[in-house]
Amino acid sequence: MRVTGLVLAAGGSARLGRPKQLLRYGSGTLLDHVLGTARGCRFDQLLCVIGGAAGEVRAQVDFSDVEIVENPDFGEGCSSSIAKALDAVDEHADVLVLMLGDQPGVTAETVARLLAERGDAPIAACAYEDGPGHPLAFSRSVFPELEGLHGDKAVWKLLDRHGAEAARVPLPGRIPRDVDTWEDYAQIAR
């Protein structure tokens, strides 16, 4: 099975007032940390979509072993970034794993478990103790549906649409926090 990892990091960070991708986290930036985790997943291909503050992000983040996809339409939501990235996905990829560039609590072990326990489901989501969350996995058969999505919550509607055929992989703990506000950043920075 060939797997492409896709890190979504194109947001404009409107609520923060500065690029959240570049917030300090560990020994680098928030996006550096997530890309480090993604590299640890040993994907056959690793893509990262950027958009908001793209020039600054390119200059300050380590993109070694990562193919950058730039989404000038990032203001239209995550779905526009997914659609843009699908053009760059390896034609031999069987599965696409979607990770968020502002969710540093996801680990390579989380991704490994998602892939191991999804079976042959067309869509798989992590089922944390407090609900479904990222990362998500999509088989190639779902790529045309991904390409037609619109808005920020569309992947969840797609998951609901696939209902019983979608896998929900149980994971311990709560959904890892993503960074949308300064309060979120304070929580994850502790």
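Arg174 has a relative accessible area of 63% and is exposed. The structure is a predicted model, and its salt bridges number nine. This briefing describes several of them.

**Arg174 and Asp130**
- The side chain of Arg174 pairs with Asp130 in a salt bridge, with 3.5 Å between the closest N and O atoms.
- Arg174 sits in the loop between E9 and H7, whereas Asp130 sits in the loop between strand E7 (123-128) and strand E8 (131-139). The pair thus links distant parts of the chain, 44 residues apart.
- Asp130 is partly exposed, at 35% relative accessible area.

- Arg15 and Asp180 form a salt bridge whose closest N and O atoms are 3.8 Å apart.
- Asp180 belongs to the loop between strand E9 (167-170) and helix H7 (182-189), and Arg15 to the loop between E1 and strand E2 (24-25). These parts of the chain are distant, the two residues being 165 residues apart.
- Arg15 counts as exposed because its relative accessibility is 61%, and exposed means over 50%.

**Arg2 and Asp90**
- A salt bridge connects the side chains of Arg2 and Asp90, at 3.2 Å from N to O.
- Arg2 is in the segment before strand E1 (3-9) and Asp90 is in the loop between helix H3 (78-86) and strand E6 (95-100), so the pair ties together parts 88 residues apart in sequence.
- Arg2 counts as partly exposed, with 34% relative accessibility.

Notes
Residues numbered from 1 in each chain as written. Predicted model: local features only at pLDDT ≥ 70, side-chain atom pairs only at ≥ 80, totals over all residues. Heavy atoms only, no water. Salt bridge = Lys/Arg side-chain N within 4 Å of Asp/Glu carboxyl O. Helix = DSSP H or I, 4+ residues; strand = E, 2+ residues; numbered from the N terminus. Buried < 20%, exposed > 50% of the residue type's maximum accessible area, 1.4 Å probe, protein only.
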